[in-house]
Amino acid sequence: MTYEERLQNVSVLGAAGKMGSGILLLTAIEMTDLSLKPGNKGKTFVLNAIDVSAEGLAGLMKYLRGQVRKVAEKKTVWLRKMYADRDDLVENYDIIDEYVFDVLNVVRPVTTMAAAYQSNLIFEAVSENRALKVKLLGDIDKNNGNNPWFFTNTSSVPIKLIEKEAGLEGRVLGFHFYNPPAVQRLVELIITGKTLAEVEDFARNYAKNLKKIIVPSNDFAGFIGNGHFMRDALHGMKEATALAEEKNIPLYKAIYMVNKVTQDYLVRPMGIFQLIDYVGIDVVQFILNVMNPFVEDEELSHDLLDKMMLQGVKGGQKSSGAQKDGFLKYKGGRFTAIWDVHKQEYIDLDSFKDECDEMLGELPSSVVAWKSVIRNKKKDDLLAAFFNDLKTSADLGAAMAIKYGLKSKAIGEKLVSDKVAKETDHVNTVMLTGFFHAYGPVNNFFD
Ligand code: 3HC
């Protein structure tokens with residue numbers, strides 16, 4: 001089966017979810033682009049968007065429409081060539097409308113799994129539950145006569161376990177996107193000892209066509225990305241708890257401070273508590289629960305997460321893409337309050353922000369903002385100057401940032417010594433392209 005034949009009938013499981021909707025968008029575009037190529041005119045391309053939530057699927061179609069239009073606007077020259085035989089498409093907006101129509105026409109939103117029984121390729125992006133993944137993939141395989149290939153987006157379950165338990169020998173690999181898949185360039189590729197070479201070759205080719213950067217990870221629970229993120233998040237929770245005790249301040253103030261340090265001082269796109277909210281407190285807890293039994297020398301859990309879950313505060317995103325409240329409360333793209341686990345209510349930022357900022361101290365004047373630095377050619381010099389100033393500062397915020405930076409480096413190095421990542425470069429690329437960091441964790445900025 002050729003690359004194109006493989007992509008003529010595809011299913012995405014969990015298509016209305018955060019990751020599934022991004023995978024669906026990218027795949028729908030790749031399939032439509034193939035269908036527009038001269039040799040493929042007239043061939044049918046089918047992409048089943050499978051999800052249990054009909055409401056979620058309606059939201060997905062709205063998301064697709066908006067995103068495909070943005071994509072089309074950026075490639076009108078290419079589209080004009082592909083639609084050269086269409087005299088009725090004159091203006092750019094005619095061509096854009098037609099492309100949006102064609103992409104949406106490939107997508108079949110359905111709530112029944114049976115749609116996947118005809119597919120040659122199945123992307124799995126359902127919730128992080130090993131038994132559910134194994135059951136779904138095993139059932140599809142039994143009912144599908146095509147010997148389909150399975151690309152799982154699991155964040156944490158070792159692929160060889162899914163392979164063995166679902167009986168998919170050689171036909172499954174980990175193809176792990178990062179949130180949001182349409183923006184983050186990373187795909188972690190995880191093969192088992194049995195994955196067929198042709199399955200891996202296809203995966204690499206497909207990732208290349210999606211303009212993604214592949215980083216191979218060894219098949220260890222959490223892989224490289226979550227191996228770093230989960231430990232970094234646990235460190236954030238431990239630091240906040242310790243700070244609250246040491247300074248005798250309520251935990252919500254310490255959460256604000258650690259979040260600020262991890263965003264502004266470490267020059268990251270989001271503070272660590274905002275990132276946990278973005279991924280979902282429940283998802284972070286699921287991933288930690290999957291990873292924990294596989295690590296011997298660490299305890300991958302924190303009671304702050306358990307408390308948040310018990311109090312029903314879970315973060316994550318609505319189907320519209322809007323951020324749900326978690327550690328932080330969000331309004332119009334900003335956060336305005338922090339959750340107090342003792343009082344079980346949000347405390348307005350205005351009532352304590354100045355006091356906390358004062359405790360952290362002034363940021364050095366060499367400070368650089370994440371957004372302005374990521375595409376700056378002098379990025380490394382600017383970052384080095386700022387981090388050097390932090391090292392010579394006696395302020396609390398600077399000391400917290402240096403400690404955090406060193407911890408992040410140690411986590412990165414341990415991923416290599418534990419043989420999760422083959423080399424430090426892989427860890428750095430994962431954080432640069434999957435988490436949009438401005439610099440890799442294994443660096444000399446904080447030594
Ligand atoms: N789909 C498509 N495009 C999206 C999007 C989405 N869901 N979310 C944001 N974008 C686009 C915006 O439309 C905008 O595009 P434009 O430049 O063409 O206008 C662009 O991304 C930038 O968005 P914003 O200007 O709104 O905001 P930011 O500049 O702050 O970027 C962000 C948003 C890309 C989410 C950035 O804050 C970021 O990268 N944060 C870190 C996210 C992260 O760490 N992800 C990894 C999580 S871990 C994971 O996924 C693994 C899993 O297994 C748990």
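Q: Which residues come nearest to the ligand?
A: Tyr 63, Ser 155, His 176, Asn 179 and Lys 371 come nearest, out of 23 residues around the ligand. A residue counts as near if one of its heavy atoms lies within 4 Å. This is a predicted model: local features need pLDDT of at least 70, side-chain atom pairs count only at pLDDT 80 or more, and totals for chains, interfaces and linings use all residues. Residues are numbered from 1 along each chain as its sequence is written, and side-chain values use heavy atoms, with hydrogens and water left out.

Q: How far is the side chain of His 176 from a ligand oxygen?
A: An N or O atom of that His 176 side chain is 2.8 Å from an oxygen atom of the ligand. For Ser 155, a polar side-chain atom lies 3.0 Å from a ligand oxygen. Asn 226 also has a side-chain N or O atom 3.0 Å from an oxygen atom of the ligand. The cut-off for a polar contact is a pair of N or O atoms within 3.5 Å.

Q: And how much of the ligand does the protein bury?
A: The protein buries 69% of the 1000 Å² that the ligand exposes when taken alone. Those areas come from the Shrake-Rupley method with a 1.4 Å probe.

Q: What's the shell made of, by class?
A: It has 14 nonpolar, seven polar and two charged residues. Nonpolar here means Ala, Val, Leu, Ile, Met, Phe, Trp, Tyr, Cys and Pro; charged means Asp, Glu, Lys and Arg; the others, Gly among them, are polar.

Q: Which domains does the shell draw on?
A: Domain 1 (3–216) and domain 2 (225–434) each give at least three residues. The bounds come from an automatic or database domain assignment.

Q: How do the two domains meet?
A: 19 residues of domain 1 are in contact with 17 residues of domain 2, contact meaning heavy atoms within 4.5 Å. The area buried between them is about 1600 Å², and carbon and sulfur atoms give 61% of it. That is accessible area (1.4 Å probe) lost on putting the two parts together, summed over both. Their C-alpha centres lie 31 Å apart.

Q: New topic. Where is the cis peptide bond?
A: It joins Asn 179 and Pro 180, with omega about -5°. Pro 180 is in the loop between strands β6 (172–177) and β7 (186–190). Strands are DSSP runs of E, at least two residues, and helices are runs of H or I, at least four, numbered from the N terminus.

Q: What about phi at Asn 147?
A: Near 50°, a positive value in a residue other than glycine. Asn 147 is in the loop between α6 (130–143) and β5 (149–152). Most residues other than glycine have a negative phi.

Technical notes:
Polar contact = N/O pair within 3.5 Å; in protein donor to acceptor, adjacent residues only side chain to side chain.
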